[in-house]
Amino acid sequence: MALYSVNTTSRRLTGEQRREQLLAVAASLFSDHGYRSTTMDDVAEAAGVTKPLLYQHFSSKKALYLEIVDAVAHRVLAAISEATARANGPREQVEFAILAYYILVVEDQASFQLLYDRDHGDDEELGRAVRRVETALISAVDPLINAGLEPDHRKFLAAGMVGMAEGASLAWIESRRGATPFASAKERRAEAERLARRLSIMMWAGLRSVQAD
């Protein structure tokens, strides 16, 4: 998902560019105000478009939210797959996977906060969409665990690693509220590397101590 400012004006964009803009604006609003408090009117106003134009791209607020969740999931899974394919050995697989994840988190904090948000309340469809992302991440991490464990115990550890990454991401995103934005791509990359290095060291230390009973 391309990143656009919430204050982007209604300049002439291609249909695909406009759709990407609307997704980014909606992700920012959902992140700042929550799913339930954000309306389609809010999204249209922040994007600088008319409400009918917004509905040309998305049939409802739920459809908009689901597409954001789906887009984030695809980006994360693709990044992890590409990163681990370049790794030499289990430790690099863990390190590269965590770094790929945090590069995306730092670049697009709003979408990741939305992904982990539970503001959609009792809406089962939205809840299932988020759980599908978590399940997909667990399935992606599972093969990285090489400790001679039974499949169900390996999945158990994979779920723990995903939960750790998610919890740490939310804590970091919350700590960045109101902070001065990073000045450059170099600074964002350095921050992602710092976060990934610290978390992967902790994860790897734990994985090394796990052995089959």
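Reader: At roughly what angle do the axes of helix H4 and helix H6 cross?

Author: Keep in mind that this is a predicted model. The axes of helix H4 (residues 61–85) and helix H6 (residues 109–116) cross at roughly 110° and come within 10 Å. Angles of 65 to 115 degrees count as roughly perpendicular, and H4 and H6 are therefore roughly perpendicular to each other.

Reader: Which residues of H4 and H6 make the contact?

Author: H4 contributes Tyr-65, Ile-68, Val-69, Val-72 and Val-76, while H6 contributes Ser-111, Phe-112, Leu-114 and Leu-115. Sorted by class, the contact of H4 with H6 has eight nonpolar residues, one polar and no charged.

Reader: How do the axes of H4 and helix H7 cross, and are the two helices roughly parallel or roughly perpendicular?

Author: Apply the angle rule again: under 35 degrees counts as roughly parallel. The axes of H4 and helix H7 (residues 124–141) cross at roughly 0° and come within 10 Å. H4 and H7 are therefore roughly parallel to each other.

Reader: Which residues meet in the contact of H4 with H7?

Author: On the H4 side they are Lys-62, Tyr-65, Leu-66, Val-69, Ala-73, Val-76, Leu-77 and Ile-80. On the H7 side they are Glu-125, Leu-126, Ala-129, Val-130, Val-133, Ala-136, Leu-137 and Ala-140. This contact has 14 nonpolar residues, two charged and no polar.

Reader: Now a single residue. Is Glu-166 buried or exposed, and why?

Author: The cut-off for buried is under 20% relative accessible area. Glu-166 has 12% relative accessibility, so Glu-166 counts as buried. Its place is in helix H8 (residues 151–175).

Reader: What does Glu-166 touch, leaving aside residues up to four places away in sequence?

Author: Glu-166 touches Tyr-101, Tyr-116, Glu-134 and Leu-137. Leu-137 also belongs to the H7 side of the contact with H4.

Reader: Let us step back to the whole chain. How many helices and strands does the protein have?

Author: There are nine helices and zero strands. Read from the N terminus, the order of elements is α-α-α-α-α-α-α-α-α.

Reader: What share of the residues is buried, and what share of the contacts joins residues 24 or more positions apart?

Author: Of the 213 residues in the protein, 44% are buried. Among contacts with a separation of 6 or more, 66% are between residues 24 or more positions apart.

Reader: And what is the accessible surface of the protein?

Author: The accessible surface is about 11,300 Å², and carbon and sulfur atoms account for 51% of it.

Notes. Residues numbered from 1 in each chain as written. Predicted model: local features only at pLDDT ≥ 70, side-chain atom pairs only at ≥ 80, totals over all residues. Heavy atoms only, no water. Axes fitted to C-alpha atoms, helices over the stretch in contact; angles between N-to-C directions. Helix = DSSP H or I, 4+ residues; strand = E, 2+ residues; numbered from the N terminus. Parallel < 35°, antiparallel > 145°, perpendicular 65-115°, else oblique. Contact = heavy atoms within 4.5 Å. Nonpolar A, V, L, I, M, F, W, Y, C, P; charged D, E, K, R; others polar. Buried < 20%, exposed > 50% of the residue type's maximum accessible area, 1.4 Å probe, protein only. Areas by Shrake-Rupley, 256 points an atom, 1.4 Å probe, with all protein chains shown as cover.
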